[in-house]
Structure formats: structure tokens, C-alpha cells
Amino acid sequence: MSETTAAPVDLFEKVRNHERREQLEAANAADLNPYFRLLTSQAGPVVEMEGRETIMLGSNNYLGLTGDERVSRAAHEALDKYGTGVTGSRLLNGTTPLHVELETELAEWMETEATIVFSTGYQSNLGCLQAILGPGDTVIADSGDHASILDGCKLSGAKLRPFRHNQMDKLERMLQRSQTDGGGILVVVDGVYSMEGDLPDLPRITELAHAYGARLMVDEAHGVGVLGKRGAGATELFGLEDQVDLRMGTFSKSLASCGGFIAGSSDLVEYLKISSRSFIFSASGVPAAVGAALEAVRICRDEGPALYSRLLSNAEYLREGLRSLGLKVVEPGLGPDGEVATTPVVPVVIGDDWKAILVWKALFEAGVYTNVAIHPAVPHGGALLRTSLMATHETAHLDQALEIIEAVTSQFDDLPSPDAN
Ligand SMILES: Cc1ncc(COP(=O)(O)O)c(C=O)c1O
């Protein structure tokens with residue numbers, strides 16, 4: 001090193017001085033950290049957390065299938081037959097008959113030509129977007145899209161043109177601008193936005209994408225096993241299955257397991273199988289996870305409608321209850337008939353990060369678990385207490401939770417009111 005060369009900054013400086021450090025330390029010191037809390041039972045409507053019985057309003061186990069005997073038996077059988085892991089990628093040595101059966105059943109359920117199963121939902125988005133987009137292409141993404149979409153877009157090297165959440169005029173402006181970018185164009189939206197629980201205006205998005213020659217991808221992580229008569233997601237709910245080019249789903253919510261998939265045309269799926277890096281260079285989903293997901297898909301196809309309807313009426317019940325307590329609830333947007341839709345995610349707007357954490361803690365101590373969403377999961381100043389429902393919640397659970405929420409929130413006199421901006 002020459003004498004005039006400055007010493008490099010310590011790479012780990014950010015570890016000691018990141019922007020969240022002070023906040024995190026203060027939260028830990030006061031036992032206010034809402035993350036990494038210990039769940040010491042199954043993820044049912046009532047759980048044990050840190051030794052206490054708690055009403056669970058923060059799980060994505062929408063259909064309650066993680067505790068279903070058939071799903072658990074299928075996981076055991078897969079484990080007994082194929083072992084604890086496959087120790088390699090799908091491409092080389094990690095494809096069992098279970099993976100193939102799951103792909104076939106998913107394609108039938110989604111009514112697409114084919115599907116490809118990844119080890120996580122995150123990897124499904126990452127690997128799909130990295131493979132179908134490249135430098136020179138343009139991807140137009142809603143600002144509320146899941147982080148795995150954003151990461152896949154970045155990894156692809158395509159030009160990213162984000163538009164303000166659910167603003168159709170902004171989407172159109174991005175489509176106009178992308179006409180001279182020179183490459184292929186993809187629009188990517190969530191079928192149900194994970195934090196806000198609202199729906200995209202899928203009919204208008206489809207119309208715009210087609211008018212401007214763009215392909216369309218919908219992330220159905222919170223739509224599969226929830227929306228539509230078959231439970232195929234928001235795309236089915238809006239009757240647009242033949243107009244959406246690509247759908248992504250995950251097993252980590254309604255399907256009671258871990259893993260994810262992309263559904264689309266056979267040629268697209270064949271292409272992903274040989275070009276998707278998170279598929280090729282990562283170990284295949286473990287047999288127990290694949291067996292559980294396969295059984296959950298079968299349950300959805302056989303008896304899904306009764307479960308979806310219980311889930312959504314629970315969501316409606318809680319939403320009405322929260323509204324009647326004077327809390328500001330994020331509205332889910334409109335469904336295909338122009339009526340207000342229902343999704344299983346019912347967030348309460350708090351606004352300030354610290355306040356959200358204080359309300360969360362008071363609820364947690366009183367026996368209700370919710371999720372706290374602060375920046376970057378939501379925009380600055382838009383902190384939410386995200387509640388989510390299960391088909392297995394009973395009215396008594398929800399009534400008890402509402403009583404606790406009323407008692408706790410009435411101690412905070414400046415929470416946003418329903419008509420606040
Ligand atoms: C909208 C959305 N897409 C993708 C994912 C990633 O799925 P997984 O957690 O199964 O990897 C999630 C999960 O949080 C999600 O909410």
C-alpha cells in the first residue's frame with residue numbers, strides 16, 4: 001500500500017452503526033421488540049407464546065391446515081419414504097415422484113399448462129424474474145410488491161420502473177415510457193398485497209398491459225387457497241386466468257408447508273427449469289414439505305370452498321369489529337362485481353413506528369398476537385398492526401380478541417380515526 005492511500009473504511013462499520021441500531025437497542029432494553037418472539041406450540045387460532053395462551057391474529061396459516069391430520073400424515077409418509085432431505089437440486093438429484101405429482105396437481109388446479117416447484121416462495125419470484133428478464137428489458141412493479149419481486153427484478157439487470165401503489169394512471173405512464181426502452185416489458189403485481197391486504201385493480205392492469213404490449217405476472221402468495229371459487233387466487237376471482245401470463249404461489253400460507261411455484265405455459269416452465277438460478281443452484285424442497293403441500297392442495301381441490309368461505313367470513317367479522325371500535329382499517333379495494341372485497345389480511349393503521357410497537361406490546365401482554373409492520377415493509381409513517389385470520393378461528397376467539405383490542409386501544413387516545421388520511 002502506498003503511503004498516500006487512505007486506509008479502507010471498515011466493512012463492518014454498518015454492523016455497529018446501522019440506522020436501526022438505536023431503536024433496536026431501546027426496544028430490546030424495554031422488552032418491546034415485536035420480532036423473533038417464541039412460538040411454543042402449533043400455529044392454531046390459539047397458540048402458546050412465551051409460556052402464555054395467546055389468540056393468534058398474526059399467522060398466514062389461513063386454512064388452519066398446518067394442524068390437519070391428513071397433512072401431517074402425508075408429511076410423515078414422505079419423510080419415511082424419501083428421508084429427511086434430498087441433498088441436491090431438482091436438476092441433479094432432488095426430484096422425487098412427489099415433486100412431479102405436486103407440479104401436475106398444481107397445474108390442474110391453476111388450470112395452466114404447467115408449473116415448476118421451488119424450495120421457497122421467495123426463490124420462486126427471484127428465480128423466475130431473474131430468468132425471464134434481462135438487461136435491456138423493462139419491469140414495471142407496484143411499489144407495494146413483495147421484496148422477493150423487487151430482488152428478482154434487481155438481480156435480472158432489467159430496467160425497473162416502479163409505480164405508486166395501485167395508481168393506474170402511474171402504471172400507464174410507466175407503460176408509455178417503457179415503449180422506447182427497447183426490450184420486452186413485464187408488469188408485476190401482487191394478487192393480494194401482503195401487508196395492506198388490498199387487491200390490485202386486475203381488470204384495468206390486464207387491459208393496460210395488453211394495450212402496451214407488456215406481459216403480466218401476478219404473485220398469488222396470499223390469493224392461492226383463499227380467493228376464487230377454486231381457490232386459485234385473485235386472477236381466478238377476477239376471471240382473468242387466460243390473460244395473465246405468469247402466476248406465482250407459495251406453500252407457506254394456505255398450503256401449510258414451505259416452498260413455492262410458478263404456473264404458466266409449458267414452454268415457459270421448461271425454460272425456467274434450465275435457466276432459473278434459484279432453482280438450479282439450490283437444494284430441492286425436503287420430502288416432508290413437498291408431501292404436506294401436495295396433501296394441502298388435494299384438500300383445497302376437494303373441500304376448499306367451505307374453508308375459503310369460513311376464512312373470509314371470519315375476516316369480514318373482525319374487520320367490522322375493528323371498524324366499530326373506531327379504528328382505521330385498511331380497505332381491501334373492490335372485487336370483480338364492484339363490491340368491497342374481502343381478504344384474510346386486516347391491518348389497522350397506526351402510523352408512527354413506536355406507537356405501533358407500544359400498542360402491539362400491550363396487546364401481546366393482554367393475550368392477542370398481531371404483526372407489526374414498520375418501514376421498510378410499509379412506507380415511512382405508515383406503520384400497521386397487521387391482523388390475519390384463519391378458517392379455524394371461532395367467533396368466540398374473535399369476540400375475545402375484539403374485547404382485548406378495545407380495552408388496549410382505548411388507553412391510546414391519539415390513534416388514527418377511520419376518516420383520517
Ligand atoms: C406476496 C409474497 N410473495 C412472496 C413471498 C415469499 O414466500 P415464502 O415466504 O413462502 O418464501 C411472500 C411471503 O412472505 C409474500 O407475502
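I take two strands as paired if DSSP finds at least two bridges between them. Helices (H or I, at least four residues) and strands (E, at least two) are DSSP runs, numbered from the N terminus. The model is predicted: local features need pLDDT of at least 70, side-chain atom pairs count only at pLDDT 80 or more, and totals for chains, interfaces and linings use all residues. Residues are numbered from 1 along each chain as its sequence is written.

**Entry 1: three-stranded sheet**

I looked up the partner of Ala 373 and found Leu 384 in E13 as its bridge partner. Strands E12 and E13 (residues 383–388) run antiparallel and are joined by three bridges. The open sheet has three strands in the order E10-E13-E12, with antiparallel pairing. Strand E10 (345–351) and strand E12 (371–373) are the edges; each has a single partner strand, so one side of each is left without a neighbour in the sheet. On average, neighbouring strands are turned by 25° against each other, direction ignored. For angles, I use axes fitted as lines to C-alpha atoms (for helices over the stretch in contact), with values from 0 to 180 degrees between N-to-C directions.

Helix H12 (residues 287–324) lies across E10 and E13, at about 25° to E10. Helix H13 (residues 353–366) lies across E10, E12 and E13, at about 35° to E13.

**Entry 2: seven-stranded sheet**

I read the strand order of this open sheet as E3-E9-E8-E7-E6-E4-E5, with mixed pairing. Strand E3 (114–118) and strand E5 (159–163) stand at the edges. The twist averages 20° from one strand to the next. Strands E8 (residues 246–250) and E9 (residues 260–264) pair in the antiparallel sense over four bridges, and Gly 249 has Phe 261 in E9 as its bridge partner. Helix H4 (residues 97–110) lies across E3, E8 and E9, at about 130° to E3.

**Entry 3: helices H7 and H8**

I found that the axes of H7 (residues 168–178) and H8 (residues 202–211) come within 10 Å and cross at roughly 15°. That makes H7 roughly parallel to H8 (angles under 35 degrees count as roughly parallel, over 145 as roughly antiparallel, 65 to 115 as roughly perpendicular and the rest as oblique). Met 168, Leu 171, Glu 172 and Leu 175 in H7 meet Arg 204, Ile 205 and Leu 208 in H8.

Conventions
Two residues are in contact if their C-beta atoms, placed from the backbone, lie within 7 Å.
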